[in-house]
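Open the model in your viewer and keep the selection panel at hand.

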Amino acid sequence: MALRSLLLTHLDNAPGPDDLEPNEVGIVGDPDHRGGYHCGSDRVVPNDYSVVESPRDRAGLTLDASALDVGQFEVRSGGRTNTLVSFSLWCVDQCAANAADTRDIREIIYSPDGNTVKRWDRLGKRTTGDSSHRWHTHISFFRDAIKAGRDQRPLFRRYLSSIGLLEDSDMTPEEHNWLATVHKNLTVLDGRNPIGQIYTRMAEGRDETGASVTGNWNLRAMTAQLTALQSALTALAGKDFTDEEAIIQGVLAGLTPEEIAAAIPPTIAKQVADELARRLVA
């Protein structure tokens with residue numbers, strides 16, 4: 001419900017020919033739904049895929065529905081037109097990259113062109129869906145996430161920020177505190193290695209030449225940059241490096257300065273930053 005409210009707050013009555021209406025954002029399935037993530041424990045069917053295919057769903061089954069449908073919209077913001085298609089592709093890209101704030105999403109059923117229906121499935125079991133998904137996008141969440149009451153808004157806040165419909169001031173206090181901690185700990189790396197230099201420049205709102213872009217503390221840019229660094233670190237997770245310089249070079253290999261980023265989970269951001277700082281001064 002909080003996620004539904006977030007999308008409607010920013011996409012309903014947004015500038016453009018077709019905003020997102022309340023009746024286009026649904027959670028609980030209508031009487032025609034037989035099982036699936038739009039249904040709770042009282043409406044699932046025998047061997048329901050939304051229950052049996054993942055231990056996260058089996059352990060998390062409650063009376064709650066665990067999916068969100070988003071209908072068509074076309075709004076103008078950030079100097080471009082944003083539609084259901086571009087929204088869906090952005091979300092799928094984030095899931096495919098395993099961004100930290102996507103890991104409670106089980107699947108997205110969508111159309112990349114208003115004709116073909118595709119499905120991104122974290123479990124890799126399905127690749128398509130029925131024709132109704134040509135005009136709406138379906139997002140399923142693992143049931144244990146809903147049972148636990150985890151906030152599913154961060155990914156969608158990032159989307160709204162990326163298209164200019166949500167300002168930095170709309171970030172939650174927890175998000176501000178997290179970024180402040182990351183900023184404080186990572187800027188100590190400045191001058192010691194390229195990662196610290198790039199981070200500090202980005203935090204101050206400067207481009208690769210040092211020119212001012214948007215002023216101090218460009219939080220939206222910082223979040224995007226931090227997400228990419230996590231992807232780079234994930235790619236290195238299975239490799240055996242014998243020294244810190246090899247780790248740094250591995251992270252930087254093949255990346256432009258703009259691509260070096262990370263969405264370090266808030267619970268470990270400070271620890272990771274402190275450890276990097278310790279190793280680089282050792």
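Start with the voids: the structure holds 2 cavities of 30 Å³ or more. On a 1 Å grid over the protein atoms alone, a cavity is a set of points where a 1.4 Å probe fits but cannot get out. Its volume is the space filled by probe spheres set on the points, which are joined across faces, edges and corners.

This is a predicted model: local features need pLDDT of at least 70, side-chain atom pairs count only at pLDDT 80 or more, and totals for chains, interfaces and linings use all residues. Residues are numbered from 1 along each chain as its sequence is written, and side-chain values use heavy atoms, without hydrogens or water.

Go to the second largest cavity, at about 30 Å³. Select Gly 60, Thr 62, Asp 64, Ser 66, Arg 143, Ile 146 and Lys 147, which line this cavity (an atom within 4 Å of a point). Helix H5 (residues 143–147) gives the largest share, 3 residues. Helices are DSSP runs of H or I, at least four residues; strands are runs of E, at least two; both are numbered from the N terminus. Color the lining by class: 1 nonpolar, 3 polar and 3 charged residues. Asp, Glu, Lys and Arg count as charged; Gly is among the polar ones.

Next, select strand E5 (residues 105–110). Here 6 of 6 residues are buried (under 20% relative accessible area, 1.4 Å probe, protein chains only).

Which strands pair with E5? Show E7 (residues 136–141), antiparallel over 4 bridges, and E6 (residues 118–121), also antiparallel over 4 bridges. Pairing needs at least two DSSP bridges. Ile 105 stands opposite Phe 141 in E7. Finish at Ile 109, opposite Arg 119 in E6.

How values were computed
1 Å grid on protein atoms, 1.4 Å probe; cavity = no way out; pocket = protein on both sides within 12 Å on 5 of 7 lines; lining within 4 Å. Buried < 20%, exposed > 50% of the residue type's maximum accessible area, 1.4 Å probe, protein only.
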